Amino acid sequence: MSASTEAPVADDPNPTVNSLADAGRYRLTIEAIGRHRFVYKVLDRVTGEVIRQLPREEVEKLISDPTYRGGRVVDTAV
């Protein structure tokens, strides 16, 4: 079993013992964006690096774009 320095991920079916022991290194922050939206971030306590963010930054940019309309990311026209 190899040591992992990455944060354990909820969808990881087999987290290593080391990744679970390192879980204390990471913290979850929840930021309110407006009245009905939130951004969830997993931060490395040591480096301050954002390990994972939901929704992703790309999605946040789309939402902030005044010309964006939901469902316009993929062109489904035949």
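Which residue forms a salt bridge with Arg56? Select Glu58: its closest approach to Arg56, N to O, is 3.6 Å. A salt bridge here is a side-chain nitrogen of Lys or Arg within 4 Å of a carboxyl oxygen of Asp or Glu. Arg56 and Glu58 are both exposed; exposed means over 50% relative accessible area, buried under 20%, and partly exposed in between (1.4 Å probe, protein chains only).

Before you move on, a word on the model. It is predicted, so local features need pLDDT of at least 70 and side-chain atom pairs count only at pLDDT 80 or more, while totals for chains, interfaces and linings use all residues. Residues are numbered from 1 along each chain as its sequence is written, and side-chain values use heavy atoms, with hydrogens and water left out.

**The whole chain**

Switch to a cartoon view. Of the 78 residues, 14% count as buried. Now show the surface: the accessible area is about 6,600 Å², and carbon and sulfur atoms hold 53% of it. Accessible areas come from the Shrake-Rupley method with a 1.4 Å probe; for residues, only the protein chains shown count as cover.

Select Thr29, which sits in strand β1. Thr29 is buried, at a relative accessible area of 15%. Leaving aside residues up to four places away in sequence, Thr29 touches Val39, Tyr40, Lys41 and Leu43, where contact means heavy atoms within 4.5 Å.

Step along to Ile30, also found in strand β1. Ile30 is exposed, with a relative accessible area of 51%.

The structure holds four salt bridges. For one of them, select Lys41 and Glu31, whose closest N and O atoms are 3.4 Å apart. This pair links distant parts of the chain, with Lys41 in strand β2 and Glu31 in strand β1, ten residues apart. Is each partner buried or exposed? Lys41 counts as buried at 17% relative accessibility, whereas Glu31 is partly exposed at 34%.

Next, pick Glu60 and Arg37, whose side chains meet in a salt bridge at 2.7 Å, N to O. Glu60 lies in helix α2 (residues 57–64) and Arg37 in strand β2, so this pair too links distant parts of the chain, 23 residues apart. Glu60 is buried, with a relative accessible area of 14%, and Arg37 is partly exposed at 31%.

**Last stop: a cis bond**

Where is Pro55? Look in the loop between β3 (50–54) and α2. The peptide bond joining Leu54 and Pro55 is cis, with omega at about -10°. Most peptide bonds are trans.

Definitions and conventions:
Helices (H or I, at least four residues) and strands (E, at least two) are DSSP runs, numbered from the N terminus.
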